[in-house]
Amino acid sequence: MSDELLVTFWGTRGSIPTPGRLTEKYGGNTTCVEVRCGDELILFDAGSGIRELGSSLLDRFAGKPVNASLLFTHLHWDHIQGFPFFTCTYIPSNKFTIYGEERAAGGVKELLSGQMAGDYFPIQISAMQAELKFKTPSEEFQIGPVKIKTMQLPHPGGALGYRLEAGDSVFVFATDCELDSIALNKDEVAKNHLAPRRYEPAVLEFFKGAHLVVIDCQYTDQVYRQRVGWGHNSVATVVDLCEQVEPGMISLFHHDPQSNDEMVTQMVDDISRRLARKNLRVLAFGAREGLTVKATKPKPAPALIAAH
Ligand SMILES: [Zn+2]
Ligand SMILES: [Zn+2]
């Protein structure tokens, strides 16, 4: 179906690339996610995962022009460091519309150029010969058949969450956020980490009805205690969100560089157990490089036909 959102993970790690055998299951590349809806191509963030996405696009398009939108959640280094290695941007026939918020130091163009300027990189952004258009995302906008809403997420310096809707398909991308910090009862939550969070209705509305939510779940509850204010969620926060908005699937994202594959799997198991104890029909999984997920309602199992 052309109006289904297909989500592919190219980089799932937070903070810094973490290659090696201990992270090969979920992958070591930093944030990059591809969404396809028919022929429309929407990319999120340019962490180190975008290098391999670029190679894949060149293979898939086989010489035909690549035309895509690249949406930035924010410009922390783990979300932009792959941009100079996104080979598609060096090819003149390609076109990219790049969305990112203005910051005090400049717009997304200035900040992406900055990491390639002077002593930081051998070539300048001007070497990118593709057509690059820069835009500031508004609260609601549309790319082809995809309706997009944004929400400010609580994260040091700010980050944008994106909600995509196309046909019956709803996908929310909410990396880099510490939802506890905007809980209306955050003092209570600070004392009792398992207490239900209360949020402004708009926060819950943003997530409601999603078939797939990809969410920052960097820390176990134990680690989070040492990392309050760093801008990332814990397992308890994500379980509580699932209880309040019941997405079809929840994907743990922005894995901590200190979390090897076994530790991420333990977090997924932990969250699945807690959801099951609450009788919630939410499928939890760890985002891993190379995985593609369809953000739609699961099809009902085919009816059994009695054998004669
Ligand atoms: Zn990050
Ligand atoms: Zn960040």
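Biologist: Let's start with α6: what does the cover over its buried residues include?
Modeller: Bear in mind that this is a predicted model, where local features need pLDDT of at least 70, side-chain atom pairs count only at pLDDT 80 or more, and totals for chains, interfaces and linings use all residues. Residues are numbered from 1 along each chain as its sequence is written, with chains lettered from A and ligands numbered from 1 in the order in which they are written. Being in contact means that two C-beta atoms, placed from the backbone, lie within 7 Å. For the buried residues of α6, the cover includes α4 (201-207), β11 (212-216), α5 (221-225), β12 (249-253) and α7 (261-277).

Biologist: And how many of the 11 residues of α6 are buried?
Modeller: A residue is buried if 20 or more other C-beta atoms lie within 10 Å of its own, exposed if 12 or fewer, and partly exposed in between, with C-beta atoms placed from the backbone. In α6, V235 and L241 are among those that pass. The helix, residues 235-245, is largely enclosed by the rest of the structure, because the buried count is nine.

Biologist: Which residue takes a positive phi just after α6?
Modeller: Helices (H or I, at least four residues) and strands (E, at least two) are DSSP runs, numbered from the N terminus. Just past the α6 run, a phi of about 40° belongs to E246.

Biologist: What hand does the crossover from β3 to β4 have?
Modeller: β3 (residues 40-44) and β4 run parallel and share three bridges. The chain gets from one to the other through helix α1 (residues 50-61). With the strands pointing away from the viewer, a clockwise path from the first strand over the helix to the second counts as right-handed. This β-α-β crossover is right-handed.

Biologist: Which strands stand at the edges of the seven-stranded sheet?
Modeller: The sheet is open with mixed pairing, in the order β6-β5-β4-β3-β2-β1-β14. Two strands have a single partner each, so one side of each is left without a neighbour in the sheet: β6 and β14 (292-294).

Biologist: By what angle are neighbouring strands of this sheet turned against each other on average?
Modeller: Axes are lines fitted to C-alpha atoms, for helices over the stretch in contact, and angles run from 0 to 180 degrees between N-to-C directions. With direction ignored, the average for this sheet is 20°.

Notes: Two strands pair if DSSP finds at least two bridges between them.
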